[in-house]
Amino acid sequence: MDTAAEPIKDLVCCTDTAQLDRLREYVEGAVSAATKVAYSGDMRRFSTWCESSGLPSMPTNEAVLCRYCDDLAEQGKRLTTIKRSLTAICVFHGVNGFDKPTGERVRKVLQGMAVKLGTARKQAEPITLNRLRRILSVLPGSPAGIRDR
């Protein structure tokens with residue numbers, strides 16, 4: 001992803017070359033090298049998928065992203081991998097001057113995937129009186145243990 005300094009080119013009001021260099025350095029350092037490699041791979045895979053599906057990759061839209069998410073889930077990809085892919089696609093869109101192609105439909109698809117793939121947050125079991133008594137029984141008699149009772 002050799003586009004990290006691209007947002008700086010729009011700073012036409014800045015004529016101080018030293019300041020421009022510092023700004024480029026800040027932008028370059030905003031994302032680690034490993035993240036840049038991962039994002040580039042994600043975008044390459046998305047572009048290949050779009051090409052083979054006859055769909056636009058740049059700029060793309062929510063419908064395409066929803067289909068892509070479904071395809072990744074069907075391949076057995078984890079939700080974290082799917083979310084990282086979407087982040088990479090959004091970063092590349094932003095750097096290239098396009099609006100981010102995500103919205104409510106993509107969020108709903110991801111929420112549904114979280115439930116189906118078992119990564120949705122689950123309500124913790126309430127603590128019972130017996131469990132509370134067991135917890136309290138192992139607290140030490142030290143000042144900290146007494147405080148925690």
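Is Arg-107 buried, partly exposed or exposed, by its relative accessibility? Arg-107 counts as partly exposed, at 45% relative accessibility, where buried means under 20% relative accessible area, exposed over 50%, and partly exposed in between (1.4 Å probe, protein chains only).

The structure is a predicted model, in which local features need pLDDT of at least 70 and side-chain atom pairs count only at pLDDT 80 or more, while totals for chains, interfaces and linings use all residues. Residues are numbered from 1 along each chain as its sequence is written, and side-chain values use heavy atoms, with hydrogens and water left out.

**Salt bridges**

A search of the whole structure finds five salt bridges, a salt bridge being a side-chain nitrogen of Lys or Arg within 4 Å of a carboxyl oxygen of Asp or Glu.

| Pair | N to O distance |
|---|---|
| Arg-84 and Asp-42 | 2.6 Å |
| Glu-62 and Arg-105 | 3.4 Å |
| Glu-104 and Arg-107 | 3.5 Å |

Asp-42 is buried, with a relative accessible area of 1%, whereas Arg-84 is partly exposed, at 33%. Asp-42, Arg-45 and Arg-84 are linked in a network of salt bridges.

Glu-62 in helix H3 and Arg-105 in helix H5 (residues 104-116) likewise link distant parts of the chain, 43 residues apart. Glu-62 is buried, with a relative accessible area of 16%, and Arg-105 is exposed, with 51%. Glu-104 and Arg-107, by contrast, both lie in helix H5, three residues apart, about one turn of the helix, and Glu-104 counts as partly exposed at 44% relative accessibility.

**Packing of H3 and H4**

Two packed helices are described by the angle between their axes and the distance between the axes. The axes of helix H3 (residues 62-74) and helix H4 (residues 79-95) come within 10 Å and cross at roughly 150°, the axes being lines fitted to C-alpha atoms over the stretch in contact, with angles running from 0 to 180 degrees between N-to-C directions. On the H3 side the contact (heavy atoms within 4.5 Å) is made by Leu-65, Tyr-68, Cys-69, Leu-72 and Ala-73, and on the H4 side by Ile-82, Ser-85, Leu-86 and Ile-89. These residues divide into eight nonpolar, one polar and no charged, where Ala, Val, Leu, Ile, Met, Phe, Trp, Tyr, Cys and Pro count as nonpolar, Asp, Glu, Lys and Arg as charged, and the others, Gly among them, as polar.

Key
Helices (H or I, at least four residues) and strands (E, at least two) are DSSP runs, numbered from the N terminus.
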